[in-house]
Amino acid sequence: MVATTTFVVLDGLLVDSSMCAGRTQISILRLNRVSHPPQAAVARRIAATLSQAGFEVYLVGGCVRDRLLGRDLHDLDLTTSARPADIAALFPAALEVGVHFGVMLVHLEGVEVQVATFRTEDSYLDGRRPDRVCFETDVRLDVARRDFTINTLLEDPFTGEIIDHTGGRADLDARLIRAVGDPMDRFAEDHLRMLRAVRFAARLGFAIEPGTMAAIQRCAPRAALISPERVRDEISRILTEGQARRGFELLDQSGLLQVILPEAARMKGVRQPPEFHPEGDVWIHTLGLLERLECPSLELALACLLHDVGKPGTQSFEDRIRFSGHDRLGAGIAREILARLRFPSAAIDAVCSMVAQHMKFKDAPKMTDGAFKRFARQGIFDELLELHRIDLLASQRPLDNWHAVSQRRASIPGGQLRPAPLLRGRDLLQLGYPPGPRFSRILDALEEEQLEGRVTSRDQALEWLNRTFG
Ligand code: ATP
Ligand code: MG
């Protein structure tokens, strides 16, 4: 999912799109996955041009970290002593994105490389972005303003030598996320770093170093000041980049969950009937779904996170613990959360529709053909079915119902889910029916007859019309 926003993130900076000369819409998720060899070769060529002009230049950040970990690269970042004007002179087609912060995008042979001038950042009065940046000539000052030691490693683009000014190599080997410098200061400067710590720890399977974790716990209330779009992007990545369960456990342990998703935190400790949920409370069940996500769409992942968010508000103690209407209440809560976090409306609709319908499966085998076909022809049906499968697994229940619904769906030829109409409004007009709201009732009822297989031709449709509506 790529959303249009008035902010863009460049080299870790939140930048007003108005500051980006030439480009106002940039993928804020920067998920342009790339294979290493051609990318690296292009970055080396760009680095060679800078180097031959007398500038210092290194690969830095995620690409160095991920190469050392043997992971796929997402994007390539070069850091250099060249100023934006120098970069523009060497690469006239470079895009001056975030030029005030010294960030340029250089395109060569279809590959995009971010080239950023060594910089330090002045005070962060709003906890979101620096008030001013200063261009530097000493790369050590540039690495010192970066977030985590594993993200500060520099790589000589020509020799592959790793240059480590912060102990990042040892932390990479020890699988630790450690803030650069004093963690309290670093999280107070830029609150987003707290969510980034969780995201990297979850995605890479690293621990958060205790001092860094303690600082996040103390600074967590300030996460309320992060812009909703940036929270949205971090949550989206934590949900879809792998190890979503771990990500949400860390959000919980760090105190961030309560601040950014209080509605989800309310699921903690909400007891469920043990005969249906031997795994435990609503939150533990939800984590069980997140654990089973494999490269999910964002919509499916959000639906898993929020499918039972209506349970805390509907819990009742009758013959047993019940949550009557939690699907409907949950869809409303999900809509509030996702709108607050500025998700696109199509994603909100899809997620809320899944939350509202996740209980329908228990009745699906008994549905009439017409009702089942209407259920199964929705655009989100495959994801809804997958939500049902994961929901069953997370409740330690057998997959019989999921198999039954899947088979029933597979047995219906595609054309029968949405049969071509046998009569239309103009036919009704010609037959002398007065136009009005009754038309859609007649046509809906006729479609139901088609879906049920009771009417299959135009003649049968006319006969049915005459018989039913006179
Ligand atoms: P990913 O694989 O998610 O792209 P990355 O490490 O490349 O990981 P980016 O968001 O692309 O992360 O940022 C590139 C680099 O910029 C980081 O490695 C880090 O050195 C620095 N950086 C990014 N965001 C911040 C921040 N909020 N505070 C400090 N440094 C940051
Ligand atoms: Mg990156």
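In the predicted model, a polar side-chain atom of D190 is placed 2.8 Å from a nitrogen atom of ligand 1. D190 also belongs to the group of residues that come nearest to this ligand, together with R65, R193, R203 and R237, out of 21 residues around ligand 1. An N or O atom in the side chain of R196 lies 2.9 Å from an oxygen atom of ligand 1, and a polar backbone atom of G62 is found 3.3 Å from an oxygen atom of ligand 1.

Two helix pairs were also examined. Two packed helices are described by the angle between their axes and the distance between the axes. Helix α13, spanning residues 282–291, packs against helix α18, residues 381–394, at an angle of about 125°, and the two axes are 9 Å apart. With this angle, α13 is oblique to α18. The crossing of the two helices is right-handed. On the α13 side, the contact is formed by H285, G288 and L289, while α18 contributes L387, I390, D391 and A394. Four of the residues in this contact are nonpolar, two are polar and one is charged.

In the second pair, helix α17 (residues 369–376) and helix α22 (residues 438–451) have axes that come within 8 Å and cross at roughly 100°. The helices α17 and α22 are therefore roughly perpendicular to each other. Residues D369, G370, A371, K373 and R374 of α17 meet D444, E447, E448 and L451 of α22 in this contact. The contact of α17 with α22 comprises six charged residues, two nonpolar residues and one polar residue.

Note on methods. Residues are numbered from 1 along each chain as its sequence is written. Chains are lettered from A and ligands numbered from 1 in the order in which they are written. This is a predicted model: local features need pLDDT of at least 70, side-chain atom pairs count only at pLDDT 80 or more; totals for chains, interfaces and linings use all residues. Side-chain values use heavy atoms; hydrogens and water are left out. Axes are lines fitted to C-alpha atoms, for helices over the stretch in contact, and angles run from 0 to 180 degrees between N-to-C directions. Helices (H or I, at least four residues) and strands (E, at least two) are DSSP runs, numbered from the N terminus. Angles under 35 degrees count as roughly parallel, over 145 as roughly antiparallel, 65 to 115 as roughly perpendicular and the rest as oblique. A crossing is left-handed if the near helix is turned anticlockwise from the far one by less than a right angle, and right-handed if clockwise. Contact means heavy atoms within 4.5 Å. Ala, Val, Leu, Ile, Met, Phe, Trp, Tyr, Cys and Pro count as nonpolar, Asp, Glu, Lys and Arg as charged, and the others, Gly among them, as polar. A residue is near a molecule or strand if one of its heavy atoms lies within 4 Å of it. A polar contact is a pair of N or O atoms within 3.5 Å; within protein, one must be able to donate a hydrogen and the other to accept it, and residues adjacent in sequence count only if both atoms are side-chain atoms.
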